[in-house]
Structure formats: C-alpha cells, structure tokens
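The entries follow the order in which I looked.

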Amino acid sequence: MASVPPLRRMDSAQGDFSPLKHFVLAKKKISDVFEQLLGYVKESSEFVEETCQNKALENIASQDQKKQIQTYADKLAVIKEVLARRHMKVAFFGRTSNGKSTVVNAMLRDRVLPSGIGHTTNCFLSVEGTDEDKAYLKTEGSDEEKSIKTVNQLAHALHMDESLDAGCLVRVFWPKTKCALLRDDLVLVDSPGTDVTSQLDSWIDKFCLDADVFVLVANSESTLMNTEKHFFHKVNERLSKPNIFILNNRWDASANEPEYMEDVRKQHTDRCVNFLVDELKVVDREQAPNRIFFVSAKEVLNSRMQRAQGMPESGGALAEGFQERLKEFQNFERRFEECISQSAVKTKFEQHTIRAKQIIETVKGIMDAINIEAAEKRVAALEDREYQMDRLEFVKSQLNLLIDDIKKRIKAISEEVEAKVSSAMGEEICRLNVIIDEFHADFHPSPHVLKIYKSELLSHVEEGMGKNLAFRCSNAVNASVQSSQKDMMESMLPLLPPAVQGQINMLVPSRKFDLSYDLNCATLCSDFQEHIEFQFSLGWSSLVHRFLGPANAQRALKLMDQNFQISRPALPLAHTPSSGPPSIVAPPNQETAVMTQEDLMVAMATNLASLTSRTSMSVVIVGGVVWRTVGWRLIALSASLYGMLYLYERLTWTTKAKERALKRQFVDYATEKLQLIVSFTSANCSHQVQQEMATTFARLCLQVDQTQKELEAEISQLTTKIKQLETVQSHSKTLRHKATDLERHLEAFTNQYLQPSQ
C-alpha cells in the first residue's frame with residue numbers, strides 16, 4: 001500500500017502536523033484492529049462452544065480447542081485494555097541542576113515543572129495530558145487528585161510532602177488545551193539527579209523499562225561524568241539498544257568565549273560519540289552526531305513564553321547566537337519526535353501485532369480443522385443416508401412382494417389342511433361304529449340312567465374322533481405349519497437389521513401348533529331319540545314299516561289309530577311298553593298331512609305290486625296251493641310257529657339287546673349329523689392354520705414395520721445432522737474469511753507503521 005507522507009512539525013503554533021501523530025494514528029489503527037479481533041475471537045469461541053455442546057456433532061470441535069480460543073479471548077481483552085493505556089514515554093536523566101526540568105518546560109512551552117535556582121527535583125515527575133480543564137497531581141500509592149494552579153503550588157506540594165523520596169513517582173496531569181505536545185499521548189518523565197542515589201537498578205526497573213527515548217541532559221560547561229555514564233551503562237544492559245539523545249545544555253555560556261566555541265563543541269561531540277558508539281554501541285558512528293545537540297533550554301523557554309504572551313521572541317537579554325541555539329533545539333525536537341514516534345510504535349505495538357497474527361493463524365487453523373472434520377462427517381452422513389434410503393426402499397419393495405407370495409402360500413396350506421381334515425373326518429365317520437362299540441358303561445332302560453349313558457356316549461364319541469383326527473392330521477399339519485413359518489422367517493430375515501436377526505427366534509417363538517377339532521357332539525346330537533321298546537318282527541307295525549317304508553308307515557299307523565278311536569271312543573288307548581320316550585311324537589298342527597284312505601290304498605297297491613315283482617309273490621302262491629292241499633293243519637302249524645317266534649323274540653329282548661339297538665340307532669343318527677359338519681369342521685381347521693400363519697406373518701411384519709420406522713427415523717436424524725454439518729461448514733468458512741480479512745488489516749498496519757521507511 002502507499003506509504004504515508006512524513007508528519008513534520010517545526011512549531012506547534014504553526015499548526016503543522018507533528019510526527020507524534022504517527023503514533024496516535026497507529027494506536028487508533030491497532031486498537032480498531034484488536035477491537036475487531038476480539039469480537040472475532042469471541043464469535044469463534046461461541047461457535048466452538050456451541051459445536052462442542054451439540055451431541056449430534058461429536059468430535060467436530062474439541063474441548064481443547066474451546067479452551068484455547070477462550071484463553072485467546074481473555075488475552076485479547078487484556079491486550080485491548082493495555083493498548084488503550086499505551087503512550088510514548090521519554091525519560092530525562094542527568095546530574096543535579098543540569099537543567100532537566102527546564103528542558104521539559106521548554107518542550108512543553110510552559111512552566112509546568114519547578115525549575116531554576118532553589119528548585120531541585122527530589123523525585124520522579126511524569127507529565128501527561130488530561131482532558132480536564134484543571135491541572136492536578138497524584139502521588140504514588142494514592143488516587144487522590146490534588147489540585148495545582150501554578151508552578152509554585154506544585155513546588156510547594158512536592159516540598160511539603162515528606163513521604164516523597166528519590167524513588168517515588170508523582171504524576172502531573174496538565175490540561176491538553178494548554179500544551180499541544182501532550183495531546184499526542186506523550187509522557188515526559190523528569191528525574192532526580194543521577195548523582196543523588198545509588199539505587200540505579202531500582203530506578204531502571206521502575207521507570208525505564210517502558211521508556212521509548214532517553215534524554216541525557218549534560219552540562220556543556222563540564223564533561224560527561226562517570227555517574228551519568230554508569231547509569232546509562234546499566235540502562236543499556238537492561239534494554240536492547242535504547243534510543244538515547246544527549247543535550248549539552250547551557251551552551252549559551254560559550255558565547256562569552258567565541259574563539260573556543262568550535263573546539264569545545266568538537267571536544268564534547270567526540271566524547272559523546274565515543275560514549276554512544278564505542279561504549280554503549282547503541283548507534284553507528286554516522287548516526288551518532290544526529291543524537292547530540294548543543295542547546296540552551298532556559299533561552300528557548302523564555303523566548304517561547306514571551307511569544308505566548310505576544311511579545312517578540314528574541315526580546316530581553318539574550319546571548320549572541322541565540323537563533324542558532326534555538327534552531328538546534330528545534331532540530332532536537334524534530335529528531336526526537338521522529339525517533340520516539342517510530343520507536344514507540346515499534347516497541348508498543350510490534351509484539352502485540354505479532355501476537356495477534358499468531359492468534360489469528362491459530363484460530364484460522366482451528367476453523368480449518370473444524371471445516372475439514374465437518375466436511376468428512378457430512379460426506380459420511382450423506383453416504384450413510386443414501387445407504388439407509390436404499391435399504392428402506394428395498395425393505396418396502398421386498399415386503400410388498402413377500403406379502404403377495406406369503407398370502408398365496410397361506411391359502412395353499414389352508415386348502416391343503418381343509419382337504420386333509422375333510423378326508424380324515426369322512427373316514428372316521430365311516431368307522432364310527434368301531435368307536436361306539438368301544439364304549440362301555442352301565443346301561444339300563446330307565447330314563448335317568450339312559451340320560452347319563454347317552455351323555456357319556458356323546459363324550460366318548462367326541463373324544464375318540466378328536467384323537468383319531470389328531471393322529472391322522474395334527475403331526476402332518478404341524479410339520480407343514482412350522483416349515484412354512486420357517487420359510488417365512490428366512491424370507492423376512494434380510495429385511496431386518498442385524499441386531500434383530502439374531503433375536504428372531506425370541507421375537508417370533510417357535511411352538512407346536514395343535515389343531516382343535518371342535519365337533520360339539522353334545523349339541524349336534526342333542527335331539528337324538530332312541531327306539532328300544534319291543535317290536536315283533538312279524539307284527540302289524542313291523543310289516544307296515546316293511547311294506548310302506550318308515551315315512552308312509554307312520555302316517556298309515558296314525559290314520560288307523562285315529563279311525564279306531566272314532567269307532568270306540570270310550571275305550572282307553574293301549575300303549576306298548578317302552579323303556580324310553582315315545583319314538584314318534586307328531587305335533588298336532590295344521591302342517592301335518594294326514595293320510596287319507598285313498599293315499600293308503602295307493603301305497604298298499606304300490607307295495608303289493610312291488611311284492612309281486614319279487615319272490616314274495618311266489619311264496620303267496622305256494623301258500624295258497626299248500627292251503628288247498630293241507631287245510632287247517634297248516635293254519636294251526638303256522639299259528640304255532642308264529643307264537644313260538646313271538647315268544648322267542650320277546651324272551652331275547654334283554655337290556656343288552658336294547659343297548660345294541662341304541663348303539664345301532666345312534667350310529668345311523670350320528671353318521672347323518674356328522675356328515676353335515678364335515679365341511680364346517682375342515683373349514684374351521686383351515687381357518688386355524690390360516691390364523692396361525694397370519695399371526696406369525698403379522699409378527700414378522702411388525703418387526704419389519706419397526707425396522708422401517710427406525711430407518712425413517714435414522715434418515716431424518718441424518719438429514720438433520722447433514723444440515724447442522726453444512727451450517728458448521730458455512731460458519732467455519734465465514735470465520736476463516738474474517739480471519740483472512742483481519743490478517744490483511746494487520747499486514748497493512750505492519751507495512752504502514754512497523755516496516756522501516758524506504
């Protein structure tokens with residue numbers, strides 16, 4: 001960038017810019033940079049802390065980085081306060097009564113410090129500017145502001161304070177409105193004579209380590225004394241090449257001996273050059289003469305005081321050569337201001353600038369590390385999200401395919417079970433008589449015992465058929481169901497996460513499946529009515545049943561019974577003894593069709609025709625021939641045989657015969673009823689299998705649904721994490737760009753204020 005034009009100041013009254021403004025501008029510039037840097041580091045600290053606290057962004061920023069940036073923020077806050085207090089400092093040293101205070105007053109263009117005959121500085125006095133309108137002082141160890149209006153008051157205050165010694169500091173605050181030199185952050189320190197104390201080391205530690213320029217005020221009427229040299233040797237040991245100016249004061253005395261002036265000047269100059277170059281080695285021999293001046297501070301102060309009062313500058317009793325001595329003093333001021341401004345900027349701001357660059361470089365490195373880590377994790381999160389999305393799509397598509405396939409498989413197994421159960425039940429119905437014959441219980445035709453017998457018979461039939469059906473079907477069905485369940489689990493296994501795959505048997509436990517054959521014989525055969533009353537095989541009822549069939553025989557017998565009741569209404573009805581309830585109870589309702597005589601004749605004719613078509617017709621013909629041949633003997637023989645047959649059947653109709661008859665009747669009845677529920681029972685078993693398979697599949701689908709939800713939740717979390725990582729990347733890049741801008745500002749400050757002028 002373009003170099004700054006030199007700031008020259010020949011005389012403040014002329015309004016020219018002072019070289020000291022170089023320091024003021026540099027201080028403002030570096031303070032602004034540090035203000036921005038502090039804000040930047042605080043923002044970076046908040047960003048790193050927020051990143052550390054986000055559990056989803058673990059390992060993006062570390063606690064060490066957070067502590068490091070926080071430490072930088074604390075340091076920068078301290079440096080910022082230090083910069084605000086920074087000022088240029090010049091220290092005046094010399095033997096007692098060499099005119100140090102007068103030199104200070106001459107530079108300040110006012111009688112600020114006590115000087116002259118009777119006024120000896122007995123402690124360190126620093127003069128600095130204040131924005132207030134009144135002057136005041138502060139003593140060491142006290143914040144009390146003691147007001148002073150005149151130099152005499154200051155001298156009196158210093159003289160009356162017995163606690164002040166040579167090693168104490170009194171700070172004098174002078175209004176900036178009264179002194180232009182103090183407006184540019186310059187502090188002038190007056191000291192007691194170097195010959196009044198031996199505690200030079202403590203002076204250096206306390207007052208000299210932060211001084212930018214040292215001014216040795218010597219007496220031109222004598223030579224440099226060892227006490228003065230000894231002090232600056234100690235300063236040179238503690239500081240690296242301090243900036244030292246030598247003022248040979250009271251040079252106006254040389255006007256009395258003009259013929260020796262040049263020789264004396266040369267003698268003083270050589271001694272001072274040797275002291276600066278050979279002894280202290282703070283400057284080279286070419287630059288040394290520019291640090292040595294011959295002045296009369298008292299003359300300069302008086303002339304400037306007269307000018308401030310509107311009087312001629314050269315008025316009064318001034319020695320010959322005053323203008324040359326005045327120009328020499330002004331030349332000293334110019335070189336002093338140029339030196340101290342350049343030196344103060346370098347000593348006060350260079351290390352802070354370097355430290356700021358290091359902090360920026362470190363913070364920028366942290367931002368780069370965070371950006372790289374966030375970028376890597378973002379790429380990993382994107383890949384992970386893409387994998388999870390592909391897996392979710394795979395799970396959904398495969399699940400849809402498996403649903404259709406497993407539905408078909410369940411349907412096929414259900415149909416297979418239905419056919420198997422239907423076939424097995426049909427076979428068991430055919431061998432129902434075997435199951436009933438296996439039943440043994442106490443039998444008696446009394447109603448109470450008969451009721452218990454039938455109840456136990458029904459339980460035996462249901463238990464026996466259930467066992468037989470289970471033996472025929474359950475093992476095969478169970479094997480088929482378990483095989484299908486295993487196939488379902490194997491087909492669904494790839495859709496589950498690895499952690500769940502190992503627990504699939506716990507989530508869907510394998511258990512033996514047993515079909516339930518609920519025949520419900522008690523309800524099914526609840527209306528069974530046994531016929532165990534005695535009936536002669538050649539009796540009227542049996543013959544009617546034989547010739548007309550069961551249905552027509554019942555109607556015919558009922559019709560004949562009604563006609564018989566009409567012809568003999570007074571006779572009581574005769575009932576055949578029965579061991580149970582009536583075999584036929586015809587409810588007297590209008591829907592029951594009563595067989596007429598014409599219907600009965602038609603039925604008898606039909607059966608007779610059937611009889612003639614069979615061998616029974618031949619028997620009748622043979623019987624007629626025998627009747628013709630034998631006559632009444634045959635009739636008697638037939639009656640005897642008929643009676644003997646009736647007697648035989650009557651005697652053999654025992655309880656066992658009744659039990660056998662009941663079992664035969666129950667076999668016929670139960671066979672008919674069980675045939676009706678074959679399809680229902682097989683369908684029920686098929687439904688059980690279907691329900692078992694569907695339950696297993698539902699459990700597997702539930703796990704797959706849970707897997708889908710977990711995948712969706714993980715995808716959502718990854719999406720949120722990716723957005724957060726993108727935010728971290730963006731913020732870290734922004735902070736890095738800010739760091740680069742601050743580096744440019746610091747580099748510009750370095751080039752403008754810290755680089756040596758070309």
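**Basis.** I worked from a predicted model, in which local features need pLDDT of at least 70 and side-chain atom pairs count only at pLDDT 80 or more, whereas totals for chains, interfaces and linings use all residues. Residues are numbered from 1 along each chain as its sequence is written, and side-chain values use heavy atoms, with hydrogens and water left out.

**Salt bridges.** I searched the whole structure and found 35 salt bridges; the term denotes a side-chain nitrogen of Lys or Arg within 4 Å of a carboxyl oxygen of Asp or Glu.

I looked up lysine 21, which pairs with aspartate 184, the closest N and O atoms being 3.0 Å apart. This pair links distant parts of the chain, 163 residues apart: lysine 21 is in helix α1 (residues 21–53) and aspartate 184 in the loop between β5 (169–175) and β6 (186–190). Helices (H or I, at least four residues) and strands (E, at least two) are DSSP runs, numbered from the N terminus. Lysine 21 is partly exposed at 31% relative accessible area, while aspartate 184 is buried at 4%. Buried means under 20% relative accessible area, exposed over 50%, and partly exposed in between (1.4 Å probe, protein chains only).

I next examined lysine 396 and glutamate 712, a salt bridge whose closest N and O atoms are 4.0 Å apart. Here helix α9 (residues 322–430) supplies lysine 396 and helix α20 (residues 678–754) supplies glutamate 712, 316 residues apart. Lysine 396 is partly exposed at 34%, as is glutamate 712 at 37%.

Within α20, I noted arginine 744 and aspartate 741, three residues apart, about one turn of the helix. Their salt bridge has its closest N and O atoms 2.0 Å apart. Arginine 744 is exposed at 52%; aspartate 741 is partly exposed at 32%.

I also recorded a network of salt bridges linking Glu427, Glu428, Arg431 and Arg472.

**Negative patch.** Which residues form the negative surface patch? I found Glu132, Asp133, Asp143 and Glu145. Such patches take residues with over 30% relative accessible area and no salt bridge, like charges being joined within 9 Å. Glutamate 132 is in the loop between β2 (124–130) and β3 (135–139) and is partly exposed at 33%.

**Helix α3.** I checked the cover of α3 (residues 100–108): nine of its nine residues are buried, among them Lys100 and Asn105. Arginine 109 follows α3 and has a positive phi, near 65°.

Definitions and conventions
Patches are made of residues with over 30% relative accessible area and no salt bridge: like charges are joined within 9 Å, nonpolar side chains (Val, Leu, Ile, Met, Phe, Trp, Tyr) within 5 Å. Accessible areas come from the Shrake-Rupley method with a 1.4 Å probe; for residues, only the protein chains shown count as cover. Lys and Arg count as positive and Asp and Glu as negative; His and the chain ends are not counted. The place of a charge is taken as NZ of Lys, CZ of Arg, CG of Asp or CD of Glu.
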